[in-house]
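Hi,

Here is the structure I said I'd pass along.

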Amino acid sequence: TLPPKPHQVAIKVQRAGLRELFNVDLKNLKKLAALLDKFDPKTDGADRNWVQIYEESERLLYLEIDYLNEASNGERFARDFEDTPWVRVPDFYREVSNERVLVMEFIESLKLTDLDRVDKLGLDRELLAKRTADAFLKQ
């Protein structure tokens with residue numbers, strides 16, 4: 001459910017025509033993959049199947065532009081880190097989201113590479129680096 005008003009949200013809106021652009025570009029890439037399969041001499045000993053590589057890449061690219069899939073991934077990430085108090089994941093508002101629009105809780109943050117801000121806030125760089133690495137490895 002939506003949060004009580006007033007409440008800040010972040011809205012991610014897919015660029016108009018993005019799926020159509022993917023369709024055209026991927027159609028051309030599939031033709032290229034078929035040609036590569038036909039003419040790749042594989043003299044380096046590799047057993048490449050360019051069409052299979054293309055098909056897996058296509059599947060992943062379309063998942064990347066499905067914002068309901070992104071919400072599902074975010075919710076899974078939140079469950080994976082629910083016992084980690086220093087990891088914060090926004091809530092996703094599915095009732096006002098769809099494949100092309102994602103509405104989520106706004107959480108103010110900063111880039112960890114913004115070292116001036118990290119220092120100004122008095123954050124411990126070493127602890128931030130350790131926690132970032134720990135979270136990455138847990139994923």
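This is a predicted model: local features need pLDDT of at least 70, side-chain atom pairs count only at pLDDT 80 or more; totals for chains, interfaces and linings use all residues.

Numbering starts from 1 along each chain as its sequence is written, and side-chain values use heavy atoms, with hydrogens and water left out.

The protein has five helices and two strands, in the order β-α-α-α-β-α-α along the sequence. (Those are DSSP runs numbered from the N terminus: H or I of at least four residues for helices, E of at least two for strands.) The radius of gyration is 21 Å, well over the 14 Å that the globule rule gives for 139 residues, so the protein is more spread out than a compact globule. (That radius is over C-alpha atoms, and the rule is 2.2 Å times the number of residues to the power 0.38.) The C-alpha trace spans about 60 × 40 × 30 Å along its principal axes. Of the 139 residues, 20% count as buried (under 20% relative accessible area; exposed is over 50%, partly exposed in between, with a 1.4 Å probe and protein chains only).

Now the largest pocket, with about 690 Å³ of space. A pocket here is an open set of points on a 1 Å grid over the protein atoms alone, where a 1.4 Å probe fits, with protein on both sides within 12 Å along at least five of seven lines; lining residues have an atom within 4 Å of a point. The volume is the space filled by probe spheres set on the points. Of its 20 lining residues, Trp86, Val87, Arg88, Ser109 and Leu112 are the closest to the centre. The largest share, five residues, comes from α5.

Next, Gln14, in the loop between β1 (9-13) and α1 (18-39). Buried or exposed, at 6% relative accessibility? Gln14 counts as buried. A polar atom of its side chain lies 2.6 Å from the backbone oxygen of Ile65.

Finally, Asp124 sits in the loop between α4 (115-120) and α5 (125-138). Asp124 is partly exposed, at 44% relative accessible area, and a polar atom of its side chain is 3.1 Å from the backbone nitrogen of Leu127.

Cheers

How values were computed:
A polar contact is a pair of N or O atoms within 3.5 Å; within protein, one must be able to donate a hydrogen and the other to accept it, and residues adjacent in sequence count only if both atoms are side-chain atoms.
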